[in-house]
Amino acid sequence: MTTMTPLPTLALHELHDGGGLPIVLIHAFPLDHRVWTAAAAALPVNVRAVAVDMPGQGYSESGNIAPSMDLVADAIYHTLQGAGIANAVVVGLSMGGYAALALADRHPAFVSALGLVDTKSTADTPEARDNRLRIAHELEMNQSLQPMLALPSQLLGETSLRDRRQLLPTLDAWVHAQAPRGLAWALRTMAGRPDRTAVLRRFSGPIAVVVGAEDTLTPLADAEHMVHAASDAALTVVPGAGHLSPLEDPRTVAAALALLHRRVMRRHR
């Protein structure tokens, strides 16, 4: 008889008080829940926002589970269920968007609405996959964050690099707080994820797609691809923001998420 490796219980963070249907916020790589703090603070007073640290990042351990986006989704689902959250608006940023799509794929009854922020529904190209695996190997072999240290400046848009330079030391500190082993696990997880565009085609709830106008990692074309695949999706392009629009322009992103929350609440009436 085979035994399954237990799913890790992930760290949850209450970022904004409120009642009713919560918004669950899933962070980007190589960061943690803190990337959502400013946007959560800008939500309407009645909207609850809960952030989760994915396995191997922030305060969450990856345990002994295999690097798999399916298992990330299952761990998030079981953690939220254990916390008494039966349904949610699920919002993911970058890697968090991959997890949000996996949740909608594997646990569709849990996901009332989807927010996909600076992310994409397609799988990695072979070149991108090989690059992730190469960096994961470096992190594991050297147990050093050195391969990650140039990334913060690539995550921000040109406007932020010019006018919001205070974000760079913040991002540096967040990256330095991560464990090399956990980031290697996350890289292997992203490298192996499938194309989940079909999830958008069959998802019946409302979807918000948000993209920074200066995002070069998952640009506007990736956002438009998701909008065209979905039956009920609204697109928000955030001026002057790059790949971390909730950090670069939290109010604009919060407004898009508040509208998504209102759309799904109108359906529930």
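Helices (H or I, at least four residues) and strands (E, at least two) are DSSP runs that are numbered from the N terminus. The close-up views below use these names, and they all show a predicted model.

View 1. Ser94 is found in the loop between β4 (88–93) and α3, and its phi is near 55°, a positive value in a residue other than glycine. Such a value deserves attention because most residues other than glycine have a negative phi. Buried means under 20% relative accessible area, so Ser94, at 9% relative accessibility, counts as buried.

View 2. With a relative accessible area of 47%, Gln143 is partly exposed, whereas Ser94 counts as buried.

**View 3. The cis peptide bond between Phe29 and Pro30.** The peptide bond that joins Phe29 and Pro30 is cis, with omega about 0°. Pro30 belongs to the loop between β2 (19–26) and α1 (37–41).

**View 4. The aromatic pair of Tyr77 and Phe110.** When two rings are paired if their centres lie within 6.5 Å, the count comes to one aromatic pair. Tyr77 and Phe110 form this pair, with their ring centres 5.6 Å apart and their planes at 85° to each other, an edge-to-face arrangement. Because Tyr77 lies in helix α2 (residues 69–82) and Phe110 in the loop between α3 (95–106) and β5 (111–117), the pair ties together parts that are 33 residues apart in sequence. Tyr77 counts as buried at 18% relative accessibility, and Phe110 counts as buried at 2%.

**View 5. Helix α4 beside helix α8.** Helix α4 (residues 126–142) and helix α8 (residues 180–191) have axes that come within 8 Å and cross at roughly 160°. Angles over 145 degrees count as roughly antiparallel, so α4 is roughly antiparallel to α8. The residues in contact are Arg129, Arg132, Leu133, Ile135, Ala136, His137, Leu139 and Glu140 on the α4 side, and Pro180, Leu183, Ala184, Leu187, Arg188, Met190 and Ala191 on the α8 side. The crossing in which α4 passes α8 is left-handed.

View 6. Ala42 lies in the loop between α1 and β3 (47–52), and with a relative accessibility of 26% the residue counts as partly exposed. Which residues does Ala42 touch, not counting those up to four places away in sequence? They are Pro250, Arg251 and Ala254. The C-alpha atoms of Ala42 and Val253 are separated by 8.9 Å, although these two residues are 211 residues apart along the chain.

Notes
Residues are numbered from 1 along each chain as its sequence is written. This is a predicted model: local features need pLDDT of at least 70, side-chain atom pairs count only at pLDDT 80 or more; totals for chains, interfaces and linings use all residues. Side-chain values use heavy atoms; hydrogens and water are left out. Rings of Phe, Tyr and Trp (its six-membered ring) pair if their centres lie within 6.5 Å; planes under 30 degrees apart count as stacked, over 60 as edge-to-face and the rest as tilted. Buried means under 20% relative accessible area, exposed over 50%, partly exposed in between (1.4 Å probe, protein chains only). Axes are lines fitted to C-alpha atoms, for helices over the stretch in contact, and angles run from 0 to 180 degrees between N-to-C directions. Angles under 35 degrees count as roughly parallel, over 145 as roughly antiparallel, 65 to 115 as roughly perpendicular and the rest as oblique. A crossing is left-handed if the near helix is turned anticlockwise from the far one by less than a right angle, and right-handed if clockwise. Contact means heavy atoms within 4.5 Å.
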